[in-house]
Amino acid sequence: MINGSRCIILKLLNRKFWLVPHSQEETEMTKNETMLNWVGEMRELVQPDQVVWIDGSQEQLEALRAKACNDGDLIKLNQEKLPGCYLHRTALNDVARVEARTFICSKKEEDAGPTNHWKEPVETYKMLYDIARGSYKGKTMYVIPYSMGPITSPYAKVGLEVTDSIYVVLNMAIMTRVGKEVLAHFGDTNNDWVRGLHASCDIDEEKRYICHFPEDNTIISVNSGYGGNVLLGKKCFALRIASFQGKNEQWMAEHMLILGVENPKGEVKYITAAFPSACGKTNLAMLIPPEGYRKKGYKVWTVGDDISWMRKGPDGRLWAINPENGFFGVAPGTNQKSNPNALATVQKGTIYTNVALNLDNDTVWWEGLDKNPPKNGVDWKGKPWDGTTAEEKGAHPNSRFTAPAENCPCISKEFSSPAGVPISAIIFGGRRQKTTPLVYQSRDWNHGVFVGSIMASETTAAATGQVGVVRRDPMAMLPFCGYHMGDYFAHWIEMGEILGEKAPKIFNVNWFRQDENGKFMWPGFGDNLRVLYWILERCEDNVDAKETPIGYLPYVEDINTEGLDIEKETLEKILTVNNEEWLGEAAGIEEFYQKFGDKLPAELKNQLNALKQRLSN
């Protein structure tokens, strides 16, 4: 038994780490009573055999890796080929985020809005606590202090996650900044931190819940072991909780990449961009410039691939940090051609989840990696697998890698800057076969909010049985906004008023226009830098644009096609606005807006009416 009057030492694989006491006395980790009280409450609830605080030391993390391998939770990979890399398999019923089991638990149902699932907070706490009660018996409770953002950044936020999963601990140690330093900087009296309880329980999908209590700064996840549901610093905190905090504190938590474009003079301009899934977000974040641009000295720097926290800086501009410290990316399709920087990033210090194992050399494989699947392999389900003959896939379609951002060859030197980076442009985009041109600029900030609010992608036959079904995903935040999306739109409009003339310019891109034969008309990938260059030139007022009913479009000659095999006629087609198609689009927007009722800001209604009027003239 643990002595309640003092800190006790636990021997973990012959190494010693401080345990939290069973009372609320001081520990070596923190004297913050709000944290100690809450950890004590969670300890009493879940009844662990022992409690370990994660101090962030490599010695402790290495001991946990060894324990996870010994317990069968991790498989150690070939340390010569993949140093510091491990493989993990989740339960077969637990392979992705579960939107249907994800809830916003605000006091008033209307505050969650029509795009979120809602539960009443008091009843939900009771239900979740009943599920989690006693579930840690025979287990260790790990307490993870973590910072979202560089620890010394004024933009950073702190959380505690308690979990019974070493897999969660090791992933959080990659995805966030963890340990003593976080608590030392946070202080002993601060109560502005996010509480996170994860309980694996029985991995019962019928009792699986991922619940957010934005008014309480609390997240509870039960009966899951999959990253997106249990790494509570990621979408749960960094978007759902943080978006609510941002609304109240006049900043923005957005589902956006951050990249820097460096010109031959060494000047770097920064862009944020939001895309729904399957629209090339990570590829753009780690873009490699075309050869002609590289020779001239252009470079692209990755600040973040998924989430951006932004607020008005001392100079009045919008500044952004990446609150994460790693990449939690989809493995299938990642290869030397599609994203060489991502592939280089995952070669060390990476945890792979639900990919195939090559038994011949203890390395991993997934569909789209190369054309050499292992013959002597094990699939993501843990079954023997011959990739040369098997009909089933070796890796799950949502298999993942968790990799340190510092591994990325193009990581920005400003990645850990406490001040963040100043944003020149905000980009929205989707996957559209027609209608939406390659790129256009909004007329002003509020029109840009309108452009973001109508973001959409078209489904494919493989996904739905129908081609071209438009699914709207405002600002790519539909699954991640922690409150009513009508209020979220209003907050965007408010931020425009706060920033005034120094607000970034807003643009929309579509890399996916197709010709009559279904072939992509724009090459994409590295050549997208040609579009980014035009965007930045517009931000500096260095190039003109033509006014159209939907916004400002480039003149064909202002898109640099040097070294690019594309006909002028093709470029003209993807830089054309078809009024008839856009009138149909406006009807779809009007239908989509109806779900927000009286919460839809008048500014967006006015923008839609003005668009229809311009299209009809």
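1. Arg443 and Glu547 form a salt bridge, with N and O 3.1 Å apart; the term covers a side-chain nitrogen of Lys or Arg within 4 Å of a carboxyl oxygen of Asp or Glu. The pair links distant parts of the chain, 104 residues apart: Arg443 is in the loop between strand 28 (439–441) and helix 12 (445–453), and Glu547 is in strand 32 (residues 546–548). Helices (H or I, at least four residues) and strands (E, at least two) are DSSP runs numbered from the N terminus. Arg443 is partly exposed at 29% relative accessible area, whereas Glu547, at 54%, counts as exposed. The classes are buried under 20%, exposed over 50% and partly exposed in between, with a 1.4 Å probe and protein chains only.

2. The model is predicted: local features need pLDDT of at least 70 and side-chain atom pairs count only at pLDDT 80 or more, while totals for chains, interfaces and linings use all residues. Residues are numbered from 1 along each chain as its sequence is written, and side-chain values use heavy atoms, with hydrogens and water left out.

3. Lys381 forms a salt bridge with Glu392, the closest N and O atoms being 3.6 Å apart. Lys381 sits in the loop between strand 24 (377–378) and strand 25 (384–385), and Glu392 in the loop between strand 25 and strand 26 (400–404), so the pair ties together parts 11 residues apart in sequence. Lys381 is partly exposed, at 33% relative accessibility.

4. A salt bridge within a helix joins Asp71 to Lys67, with closest N and O atoms 2.9 Å apart. Both residues lie in helix 2 (residues 58–71), 4 residues apart, about one turn of the helix. Asp71 is partly exposed at 43% relative accessible area, and Lys67 is partly exposed at 23%.

5. The structure holds 28 salt bridges. Lys234, Lys235, Lys281, Asp306 and Glu324 are linked in a network of them.

6. On the overall fold, the protein has 18 helices and 33 strands. Its radius of gyration is 25 Å, close to the 25 Å that the globule rule gives for 617 residues, so the protein is as compact as a globular protein of that length. The radius is taken over C-alpha atoms, and the rule is 2.2 Å times the number of residues to the power 0.38. The C-alpha atoms fill a box of roughly 80 × 55 × 50 Å along the principal axes.

7. Buried residues make up 59% of the 617 residues. Among contacts (heavy atoms within 4.5 Å) between residues at least 6 apart in sequence, 71% join residues at least 24 apart.
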